[in-house]
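Here is a friendly walk through a structure, meant to be read with the sequence and the 3D view open beside you. Please take a look at both before reading on.

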Amino acid sequence: MFVARSIAADHKDLIHDVSFDFHGRRMATCSSDQSVKVWDKSESGEWHCTASWKTHSGSVWRVTWAHPEFGQVLASCSFDRTAAVWEEIVGESNDKLRGQSHWVKRTTLVDSRTSVTDVKFAPKHMGLMLATCSADGIVRIYEAPDVMNLSQWSLQHEISCKLSCSCISWNPSSSRAHAPMIAVGSDDSSPNAMAKVQIFEYNENTRKYAKAETLLTVTDPVHDIAFAPNLGRSFHILAIATKDVRIFTLKPVRKELTSSGGPTKFEIHIVAQFDNHNSQVWRVSWNITGTVLASSGDDGCVRLWKANYMDNWKCTGILKGNGSPVNGSSQQGNSNPSVGSNIPSLQNSLNGSSAGRNGKRAPFPLPQRRLTSPKIHQQPAYY
Amino acid sequence: MEKMSRVTTALGGSVLTGRTMHCHLDAPANAISVCRDAAQVVVAGRSIFKIYAIEEEQFVEKLNLRVGRKPSLNLSCADVVWHQMDENLLATAATNGVVVTWNLGRPSRNKQDQLFTEHKRTVNKVCFHPTEAHVLLSGSQDGFMKCFDLRRKDSVSTFSGQSESVRDVQFSIRDYFTFASTFENGNVQLWDIRRPDRCERMFTAHNGPVFCCDWHPEDRGWLATGGRDKMVKVWDMATHRAKEVHCVQTIASVARVKWRPECRHHLATCSMMVDHNVYVWDVRRPFVPAAMFEEHRDVTTGIAWRHPHDPSFLLSGSKDSTLYQHLFRDASQPVERANPEGLCYGLFGDLAFAAKESLVATESGRKPYAGDRRHPIFFKRKLDPAEPFAGLASSALNVFEIEPGSGSMSWFVDTAERYALAGRPLAELCDHNAKVARELGRNQVAQTWTMLRIIYCSPGLVPTTNLNHSMGKGSSCGLPLMNSFNLKDMAPGLGSETRLDRSKGDTRSDTVLLDSSATLITNEDNEETEGSDVPTDYLLGDVEGEDDELYLLDPEHAHSEEPEYVLPQEAFPLRHEIVDTPPGPEHLQDKADSPHVSGSEADAASLVPVDSSFSLISVSHALCDSRLPPDFFSALVCDMLRFYAEQGDVQMAVSVLIVLGERVRKDIDEQTQEHWYTSYIDLLQRFCLWNVSNQVVKLSTSRAISCLNQASTTLHVNCSHCKRPMSSRGWVCDRCRRCASMCAVCHHVVKGLFVWCQGCSHGGHLQHIMKWLEGSSHCPAGCGHLCEYS
């Protein structure tokens with residue numbers, strides 16, 4: 001069950017990205033009004049804007065937090081062809097700025113000749129690294145060799161994708177068995193049916209990123225891409241927002257079997273594809289364990305997807321963007337507390353063979369029915 | 001309208017037609033200007049001065065005005081303007097300060113008409129009066145503006161801006177005598193052409209040079225200015241003081257600005273450097289360009305709308321030596337590609353969602369709160385730039401907060417905090433953790449812990465209370481193992497009628513489980529269950545099966561079947577229905593779903609309920625009595641751990657790994673273990689569970705992990721006696737040879753949490769010091785210091 005808490009963001013144009021920090025207690029928003037706002041959660045759970053500043057001279061497409069080990073650091077990227085790194089300064093508050101924190105620009109990355117469409121910090125174990133992608137189809141990877149000095153970033157890699165890039169995602173796996181990997185999506189809308197998702201992998205021997213895979217089946221413009229948190233899995237899960245929601249698994253084929261030195265081979269399976277948004281899907285985001293995917297589309301709804309033990313993905317909830325209830329949306333609305341959220345949920349496991357096996361028990365009311373009970377979405381709205 | 005008709009006549013009755021097209025010039029262009037018939041364009045540059053005819057499909061070079069054997073500096077043009085009343089009249093501004101007029105009506109090849117050499121430095125801009133045929137205005141780098149009457153040989157009047165170089169001069173379209181000029185120091189001046197002594201009005205418009213200005217074609221008072229500060233500002237000059245009505249922030253310094261015909265709020269801009277694109281902005285949406293032309297490969301230097309009443313054709317010249325005609329409908333629209341939504345999953349399962357208001361506009365009658373700016377008029381997603389503005393775009397930001405217990409991550413935190421990982425016998429750890437899991441409603445995990453306990457500990461140690469506990473709950477959950485326990489306990493009483501009835505019921509439920517377990521065994525290793533109708537074989541298979549259930553069956557039992565088992569428990573009569581239902585066909589059908597299993601095998605399994613119940617009993621006995629070596633299970637336990645990890649529950653994998661320690665560690669490769677550890681530690685740190693994360697690091701056996709705690713933390717400690725820095729890492733101070741970390745209260749060495757006052761460096765056990773400070777604020781060591789603890 002969700003409670004919608006509406007926040008008067010007061011951005012003067014569209015908000016393009018929302019991002020929680022590592023601990024989930026801070027939130028950053030960015031907008032076409034060229035500003036970034038930072039929100040802090042109070043004890044009572046309300047979100048307060050503690051900083052708002054002009055970051056770029058164009059629409060700010062994305063904002064992202066660095067691992068807190070590196071400080072309170074944000075990166076933003078913009079239509080103005082730059083990406084910037086920001087750090088919060090503490091201890092310099094004066095009366096005028098009481099309750100407001102102060103963010104200073106540490107660097108501007110100006111290598112792109114076109115709009116920078118996404119920026120993402122690399123997983124922490126790789127050090128302080130940053131990847132950007134731009135509309136001219138180049139992914140750039142920067143590194144701050146000295147983590148204490150956020151103003152020095154060196155351009156380490158330039159990967160040409162040949163297609164206008166719209167989104168990137170680092171593979172978050174911390175395993176030594178998984179080489180650093182980055183997935184790039186393109187929103188190129190030209191009619192040629194080229195694959196819009198490419199995956200690049202770092203090769204220890206050549207010290208370069210090389211293309212490992214291309215998802216040939218994705219030929220429509222891709223708006224967002226997200227690797228699921230890995231959490232010790234041996235394989236990777238990749239969600240893609242295109243004209244529908246797609247979920248792929250990438251199982252690395254054991255290294256011994258492939259020729260050494262080359263890029264890792266993957267067994268790629270599409271495990272889910274949903275067009276329930278009936279429109280362009282703009283965003284995908286994973287929960288912390290990589291078990292639930294949230295997607296949002298032009299229908300203004302957030303849909304939650306979850307797999308059962310059979311790897312059968314199902315919709316487990318619909319949230320309307322304005323907080324109003326959607327019929328049939330069910331957030332594990334069952335009263336049974338024994339359903340942990342990390343494990344396949346009740347309604348999911350009712351399909352497939354398990355449902356068939358229990359078919360003879362039809363006289364008993366199926367738990368599914370309970371889900372349509374009217375008490376599902378009460379909406380206390382806080383403003 | 002009058003003009004329009006004339007144009008139509010001039011065009012021979014046809015409307016403007018054309019497409020996006022371009023032609024190569026011989027040299028970079030500095031400026032372009034369109035003839036009033038909208039069929040010709042003049043391109044001027046340092047070494048080019050040509051007239052092109054704009055045809056339907058292409059540009060055709062019509063006339064080269066750059067004639068003469070040796071090129072004169074007079075021909076190096078900074079600006080060009082075509083008279084809007086006389087098709088034959090052009091003026092250029094030369095870089096050497098000369099203003100030249102050209103008469104296309106001259107019969108000779110050289111069309112040069114008049115030469116005004118009055119400015120001392122480059123002339124930046126020339127401008128014809130919109131309605132007066134003979135009046136020409138120039139603005140120069142030397143800071144002066146001059147007004148020429150083309151019927152005379154020299155200037156009529158000189159205007160001194162008194163503030164650096166003039167970048168642009170523009171006659172007002174509506175006010176006959178007024179013109180505006182912009183300066184490098186950021187000023188804009190308004191002049192009356194009859195009064196050269198001083199300007200009518202002056203104000204600072206930009207920070208840094210103002211490169212350009214343009215009067216609104218319809219709105220009398222509106223003047224747009226663009227500057228190096230990357231801004232375009234729209235001023236309302238009709239009021240007493242110039243008032244900024246709009247401000248557009250572009251991404252580079254603004255070199256040219258031109259209002260779009262017939263679109264009240266649109267203007268086109270191009271930049272002086274860095275940015276090669278031409279943008280069209282709606283000034284009411286100042287952050288996102290309405291349209292963008294990306295064709296040029298170098299800086300765009302001149303832009304002009306082809307016809308004063310046609311909003312769809314834009315001409316542009318560039319340093320890349322091309323001349324383009326852009327069609328508005330071919331423009332790329334950044335708004336279209338802009339992502340209207342933002343979505344992020346929070347740590348505890350809450351979701352932040354920002355969406356364009358039109359996408360989430362309420363149909364239902366939700367009460368808008370005060371100041372809600374949601375209006376249904378935003379419905380249109382595509383903002384056609386040619387259309388009237390639909391309204392400012394804005395987003396609604398919502399955080400969907402998950403309620404505790406319904407899929408929030410609180411279970412993770414609770415589990416992490418309450419699990420016992422070390423310090424007690426394995427059996428106790430398992431029992432404790434099973435209890436924790438059960439209390440948190442995670443039966444599958446609880447079950448696993450119980451299993452582990454059974455596998456690795458001798459049965460005699462099972463506390464009966466705990467077993468009973470697990471029985472009571474377990475059987476209500478219908479988990480397979482618990483049922484088998486039930487059976488085991490009941491085995492002695494099998495002879496009695498009632499017990500038998502009861503056990504039959506249980507057997508029934510077991511049958512279902514068993515056959516599914518058999519199914520999955522078959523999935524796992526086919527050899528094992530082949531010919532599974534033989535009881536002895538089955539026994540062995542079943543031992544496996546119990547474990548298999550753990551990692552293959554439990555998810556489904558815990559969830560799908562669980563509620564159904566709750567019911568039978570209370571309503572025994574119903575069981576007969578179940579018994580009566582022939583299980584065969586359905587089973588077959590459903591087995592057919594899973595490709596690995598042959599129907600007959602599964603069927604065989606399900607058709608021998610009594611056998612299997614007995615076999616179960618014997619299995620339980622086997623488990624408890626015949627002492628299968630724990631190694632026997634380790635492969636399965638490893639598989640189970642992997643299963644949990646793949647399911648995203650790395651917590652379970654790591655916890656079991658730690659609790660079992662050596663028993664399973666050797667069977668899982670180091671790299672995987674390390675991966676699990678790092679993932680779990682990262683997760684713990686996200687939830688700020690520092691103590692747990694530390695414990696995990698400490699208990700981990702992987703070297704890469706345990707060194708995490710030793711990296712990048714330095715403590716500088718002074719000895720509490722001699723107050724000198726402790727150099728060695730031991731307990732004893734080098735200098736005074738005394739143990740440094742004595743509790744000031746109890747005078748024992750402190751192991752574990754040591755708190756000390758940073759003022760006097762005395763301290764001790766946390767509890768002792770806390771207790772002491774309740775009574776006194778002085779240092780317990782008697783040094784007289786008023787201790788402070790934060």
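Are Asp118(A) and Lys120(A) buried or exposed? Asp118(A) is buried, and Lys120(A) is buried as well. Here buried means under 20% relative accessible area, exposed means over 50%, and partly exposed lies in between (1.4 Å probe, protein chains only).

Before going further, a word on what you are looking at. This is a predicted model, in which local features need pLDDT of at least 70 and side-chain atom pairs count only at pLDDT 80 or more, while totals for chains, interfaces and linings use all residues. Residues are numbered from 1 along each chain as its sequence is written, chains are lettered from A and ligands numbered from 1 in the order in which they are written, and side-chain values use heavy atoms, with hydrogens and water left out.

**Salt bridges**

Over all chains, the structure holds 38 salt bridges. The term stands for a side-chain nitrogen of Lys or Arg within 4 Å of a carboxyl oxygen of Asp or Glu.

| Pair | N to O distance |
|---|---|
| Arg26(A) and Glu88(A) | 2.8 Å |
| Asp118(A) and Lys120(A) | 3.2 Å |
| Lys50(B) and Glu61(B) | 3.3 Å |

Take the salt bridge between Arg26(A) and Glu88(A). This pair links distant parts of the chain, with Arg26(A) in strand E3 (residues 26–31) of chain A and Glu88(A) in strand E8 of chain A, 62 residues apart. Strands (E, at least two residues) and helices (H or I, at least four) are DSSP runs, numbered from the N terminus. Arg26(A) has a relative accessibility of 10%, so it counts as buried. Glu88(A) is also buried, because its relative accessible area is 12%.

In chain B, Lys50(B) forms a salt bridge with Glu61(B). Lys50(B) sits in strand E4 (residues 48–54) of chain B and Glu61(B) in strand E5 (residues 59–64) of chain B, so the pair ties together parts that are 11 residues apart in sequence. Lys50(B) counts as buried because its relative accessibility is 5%, whereas Glu61(B), at 41%, counts as partly exposed.

**A contact between the chains**

Which side chain does the side chain of Arg81(A) meet in a polar contact? The partner is the side chain of Asp275(B), at 2.6 Å. A polar contact is a pair of N or O atoms within 3.5 Å; within protein, one must be able to donate a hydrogen and the other to accept it, and residues adjacent in sequence count only if both atoms are side-chain atoms. Arg81(A) lies in the loop between strand E7 (73–78) and strand E8 (83–89) of chain A. Its relative accessibility is 9%, so Arg81(A) counts as buried.

**Two loop residues with positive phi**

Asp10(A) has a positive phi of about 60° although it is not a glycine. Its place is the loop between strand E1 (2–7) and strand E2 (15–20) of chain A, and with a relative accessible area of 48% Asp10(A) is partly exposed. Val274(B), likewise a residue other than glycine, has a positive phi near 65°. Val274(B) lies in the loop between strand E23 (266–271) and strand E24 (278–282) of chain B, and is exposed at a relative accessible area of 56%.

Residues 8–40 of chain A are 0% helix and 55% strand, with end C-alpha atoms 14 Å apart. For residues 274–306 of chain A, the span is 0% helix and 58% strand, and the end C-alpha atoms lie 12 Å apart.

Chain B is divided into domains, among them domain 1 (22–336) and domain 2 (339–381 + 392–400); the bounds come from an automatic or database domain assignment. The C-alpha centres of domain 1 of chain B and domain 2 of chain B are 43 Å apart. Another of the domains is domain 5 (721–789) of chain B. Helix H22 (residues 766–775) of chain B contains Trp772(B), which counts as partly exposed at 33% relative accessibility.
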